[in-house]
Structure formats: structure tokens, C-alpha cells
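Dear colleague,

Please find below the structure I am handing over to you, followed by an account of what was found in it.

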Amino acid sequence: MFGISCRDPTLLLAITVIGLTVLMFALKNRSSRRRKLITLRDPETKYPLPLIEKEQINHNTRRFRFGLPSVDHVLGLPVGNYVHLMAKIDDELVIRAYTPVTRDDDQGFVDFIIKIYFKNVHPQYPEGGKMTQYLDNMKIGDTILFRGPTGRLFYRGPGNLDVRSENTSEPEKKVALHLGMIAGGTGVTPMLQLIRHITKNPKDKTRMSLLFANQTEEDILVRVELEEIARTHSNQFKLWYTLDRPPTGWRYDSGFITANMIKEQLPPPGASTLILVCGPPAMIQTAVHPNLEKLGYTKDMIFTY
């Protein structure tokens, strides 16, 4: 009637293209409107969350995935913060702090990488770790209490941080052009949280250098991801290892963290430098803090998780 045949292939193609465009726009709008609900709404409230997945990474390390209340929920953890996991073990309330390895825009779940401290392995700690063994014995569907957010460091944006000297003190603003990171074992998890957040933002030019200490090569957590980030962001992220018991042909450092390692691998003391430290207390107290002090880093240049 209008002089155009419905059999016209050009018309059919045009209608198809318009239809697909409208559909894609509608789906994009629907996705963008998908609400992100916050799980940790009150830092004093305890939230029971179920274990939904468990993966063995190596002989003593596991990845634990916990489900959030719905697929629209995020954990609600500011970058730089961590959570406390709480459980009653042998009639005692045990509380431990952990940093997720998932990003806070991940919806429906949260992941942790945790080293299990088994009984009768370390002579100084014959009972092992209460919480880590409890987590290792959890079955899929079992719940554990979460509390948070907790922390004294908040990453606000490119190079801008708020740092509290104490939990109750007012935060002080810090601008860091270069973050030095010293991690031991699972102490790498808060570093990974920051590394992921910073490198995913193309506008964030903050540089990072990580000195990562472990006992053996097999103990190096998230190694594949760290080395991939170092490769794809070579101008922004620098990675170096030291091992207590290195294999033959090891090309990185060996032994405890020394002043020379810090001097060679991390940014020098300065107003725009912040050194982040996380790891076993013995490493921090006997190797890290004394060597940082020896090299001239002042207290305002060091943050210890």
C-alpha cells in the first residue's frame, strides 16, 4: 500500500538492525540499573555467610568463596580495609582478620586465599591455627560470621589515601605517587587488593613495587596473576621475591628481608612515598621495621596492617 514490499531485503535488514540496537540499549540500561546492595551495612553487626566453594591451591593454602545475601549484593568493603571472621571453637570465640582477594564490585560472592596452619607442623605452635583449621573443616553450606568493614587505611582515588594512626583517631590525608609494598606469605592479600584496584583504573598512575617474601617457591601465592600484572603494567608495577629456601637457579633474592633488598626494590624515603607492610610479626619486628628505620623511612612513610 505504501509502495514498499515487505519482501524487500534492504528494508528487512534495516528493521533487523534497528531492532537489535533497541534490544541492546534496553539490556544495557537494565544492567546499569541493577542495584548493588551492600552486605556490610553496619561495622558492629555480625553477618552469617555460607561457604559456597572451596579450592585447594597447594598443600596448605585454600581459596574460600562465601555467598552474599543475593546476586545483587557486594560485600561493601572500602579499598584498604578488611573483615573479621568469627567462630566459636572449643567454647572460645575466635576472631581473625582477613582481606578478600575479590574486588568489591564483584556481586554475589567474596573470595579469600588463606594458609592453613595445621597441628604438629611448627614446633612453636603445636596446636596450629584455630581459625584456619576451622575454615579448612567447613563443609559447603556451613556459615561463618563476618564483621566489618575494619581498617585504618582507605584508598580514596589515584594516589590519595586516608590513614589512621589508631583505630579511633582522625584520618590523615596522604598523597602517594609510589607505594612500596613488603609482604610475607598471605600478607600479600591486602597488597593484591590495592594492586588490582589501581591497575584496573587507567586514570590512576600510582606506581607500586612489591617485595614478596616466602619460605619456598611453592608457597608463593597468586604468583601467576602478580607476574601477569607486572608484565602488562611494567611501567607501573614492579615485583621482586625473596625465599628462605630457594631452588637451584633461583634468580631472585634469598633469605630474610634486608636493608639492601628494600633499597634496591622499593621507592626511597620521601614525602610522596608510602611503604605498606603485612606479614608474620617476626618478619615485621626483626627484619622489616628495623631496616626501614635504618634507611631513613619515618613513621609517617610506613603503614603496617
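In what order do the 6 strands of the open sheet lie, and is the pairing parallel or antiparallel? The order is E15-E14-E13-E12-E16-E17, and the pairing is parallel. E15 and E17 stand at the edges with a single partner strand each, so one side of each has no neighbour in the sheet. Strands and helices here are DSSP runs numbered from the N terminus, with at least two residues (E) for a strand and at least four (H or I) for a helix; two strands pair if DSSP finds at least two bridges between them.

Please note that this is a predicted model, in which local features need pLDDT of at least 70 and side-chain atom pairs count only at pLDDT 80 or more, while totals for chains, interfaces and linings use all residues. Residues are numbered from 1 along each chain as its sequence is written, and side-chain values use heavy atoms, with hydrogens and water left out.

Strand pairing

Isoleucine 275 stands opposite isoleucine 302 in E17.

Strand E8 (residues 143-150) takes part in antiparallel pairing. Strand E2 (residues 47-58) is joined to E8 by 4 bridges, and leucine 49 stands opposite isoleucine 144 there. Strand E5 (residues 82-89) is also joined to E8 by 4 bridges, again antiparallel, with histidine 84 opposite arginine 147. E8 also contains proline 149, which a cis peptide bond joins to glycine 148, with omega at about 0 degrees.

Aromatic contacts

A pair of aromatic rings is described by the distance of the centres and the angle of the planes. The structure holds 10 aromatic pairs; rings of Phe, Tyr and Trp (its six-membered ring) pair if their centres lie within 6.5 Å, and planes under 30 degrees apart count as stacked, over 60 as edge-to-face and the rest as tilted.

One of these pairs joins phenylalanine 112 and phenylalanine 146, whose ring centres are 5.8 Å apart and whose planes meet at 55 degrees, so the pair is tilted. The pair links distant parts of the chain, since phenylalanine 112 lies in strand E7 (residues 109-115) and phenylalanine 146 in strand E8, 34 residues apart. Both phenylalanine 112 and phenylalanine 146 are buried (buried means under 20% relative accessible area, exposed over 50% and partly exposed in between, with a 1.4 Å probe and protein chains only).

Tyrosine 241 and tyrosine 252 form an edge-to-face pair, with 4.9 Å from centre to centre and 90 degrees between the planes. Tyrosine 241 lies in strand E14 (residues 237-243) and tyrosine 252 in the loop between E14 and strand E15 (253-254), so the pair ties together parts 11 residues apart in sequence. Tyrosine 241 counts as buried at 0% relative accessibility, and tyrosine 252 counts as buried at 15%.

Helix H3 and the loops

Of the 11 residues of H3, 10 are buried, and the helix is mostly covered. Among the buried residues are Met191, Leu192, Leu194, Ile195 and Arg196. Lysine 203 lies in the loop between helix H3 (189-199) and strand E13 (207-214), and at 70% relative accessibility lysine 203 counts as exposed.

Most residues other than glycine have a negative phi. Where is phi positive in a residue other than glycine? Aspartate 91 has a positive phi near 65 degrees; aspartate 91 lies in the loop between E5 and strand E6 (92-98) and is exposed, with a relative accessible area of 73%. Asparagine 120 has a positive phi near 60 degrees; asparagine 120 lies in the loop between E7 and helix H2 (130-136) and is exposed at 69%.

Yours sincerely
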